[in-house]
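User: I would like to go through the classifications in this model one at a time. Please set each value against its cut-off.

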Amino acid sequence: TDYNTILVERRDAVTLVTLNRPQALNALNSEVLADLLAAFAAFDADPSQRCAVLTGSEKAFAAGADIKEMQHQGFADMYGHDFFAGWDQFTRTRKPIIAAVSGFALGGGCELAMMCDFILAADTAKFGQPEIKLAVAPGMGGSQRLTRAVGKAKAMEMCLTSRMMGAEEAERAGLVSRIVPAADLVEEALKTAATIASMAPLAILANKEMVNAAFETSLAQGVQFERRLFHGLFGSADQKEGMAAFVEKRPGSWTGK
Ligand code: HXC
């Protein structure tokens with residue numbers, strides 16, 4: 001399938017999605033949203049695909065929601081159409097998505113990276129929520145996900161002042177899992193995705209689902225949810241295979257059943 005604003009490539013069981021609006025530093029307009037939703041729905045539905053990487057360009061992962069598209073919208077347009085609600089579907093992707101961030105991840109770009117399952121940062125990455133400079137505020141989850149990721153002090157300062165956070169600070173604060181040299185970012189993300197893709201498919205889904213539950217539940221409910229999913233995996237053929245393979249000192253071979 002062809003998209004106008006993104007490139008989609010497959011490397012074995014890994015889907016690489018590259019934001020491709022260089023003339024606007026990958027600003028996220030309605031067409032980018034539609035393209036991403038279609039691409040990730042196809043990825044989720046394709047049994048041959050197990051993990052995805054979402055990246056941008058060297059200069060910008062994405063410089064935000066498209067300001068030129070929003071500029072003339074009024075309250076009735078935004079609220080009436082529940083502008084940005086479409087992004088919720090992106091977060092319902094069941095298979096893992098790694099954000100590989102180089103350069104600017106600002107506003108909606110930072111929010112999109114945080115909607116992914118984890119962020120690998122190039123040493124050039126810069127994260128920020130500068131919406132306040134436009135007299136607005138985050139609208140794709142930034143005030144919530146950034147606060148959960150880095151805590152109130154940094155999130156509040158970033159939202160109120162628009163200060164950007166570099167890769168090292170982002171790693172210290174827990175926003176990103178690792179920093180890699182910019183030149184190696186995509187290859188490293190693909191390698192990490194291939195590692196994930198080599199795991200048993202049901203276990204991949206369950207691990208993602210239970211970590212995400214930590215953001216939606218109390219500790220007791222989350223622990224219960226984890227344990228039930230853990231129990232459920234013992235109904236899979238791959239659990240028998242995985243444990244037999246360990247005992248027999250050989251690699252496991254998965255059926256996804
Ligand atoms: C539309 C954008 C854009 C954006 C950049 N461009 N960001 N277009 N929406 N978010 C366009 C520019 O207009 C310009 O187009 C081209 O991309 C290159 O950008 P420059 O500004 O010339 O590049 P540079 O000088 O290198 O500066 C890079 C930058 C700056 C610091 C990232 O572009 C910037 O500040 N962008 C906006 C960042 C921002 O405020 N993001 C939050 C958006 S609001 P032309 O045609 O002039 O060449 C948001 C959430 C909204 O994301 C939620 C509330 C509703």
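Analyst: Start with accessibility: buried means under 20% relative accessible area, exposed over 50%, and partly exposed in between, with a 1.4 Å probe and protein chains only. By that scale, Phe75 is exposed, and so is Tyr79. This is a predicted model, where local features need pLDDT of at least 70, side-chain atom pairs count only at pLDDT 80 or more, and totals for chains, interfaces and linings use all residues. Residues are numbered from 1 along each chain as its sequence is written, and side-chain values use heavy atoms, leaving out hydrogens and water.

User: What makes the pair Phe75 and Tyr79 stacked?

Analyst: A pair of aromatic rings is described by the distance of the centres and the angle of the planes. Rings of Phe, Tyr and Trp (its six-membered ring) pair if their centres lie within 6.5 Å; planes under 30 degrees apart count as stacked, over 60 as edge-to-face and the rest as tilted. The count by this rule is 6 aromatic pairs. For Phe75 and Tyr79 the centres are 5.1 Å apart and the planes are at 10 degrees, so the pair is stacked.

User: How many residues apart are Phe75 and Tyr79 in helix H3?

Analyst: They are 4 residues apart in helix H3 (residues 75–80), so about one helical turn separates them. Helices here are DSSP runs (H or I, at least four residues), and strands are too (E, at least two), numbered from the N terminus.

User: Why is the pair Phe83 and Phe84 called tilted?

Analyst: Their ring centres are 4.6 Å apart and their planes are at 40 degrees, so the pair is tilted.

User: Which accessibility class does Phe83 have, and which does Phe84 have?

Analyst: Phe83 has a relative accessible area of 22%, so Phe83 is partly exposed. Phe84 comes to 18%, so Phe84 counts as buried.

User: Is Thr18 buried or exposed?

Analyst: Its relative accessible area is 15%, so Thr18 is buried. Thr18 belongs to strand E2 (residues 14–19). Contact means heavy atoms within 4.5 Å. Beyond neighbours within four places in sequence, Thr18 is in contact with Thr5, Ile6, Leu7, Thr55 and Gly56.

User: What makes Lys95 count as sitting over the ring of Phe43?

Analyst: The rule asks for NZ of Lys or CZ of Arg within 6 Å of the ring centre and within 35 degrees of the ring normal. The charged end of Lys95 is 5.4 Å from the centre of the Phe43 ring and sits over that ring. Lys126 sits likewise over Phe104, with its charged end 5.1 Å from the ring centre. Phe43 also belongs to a cluster linked by ring pairs, with Phe40, Trp87 and Phe90.
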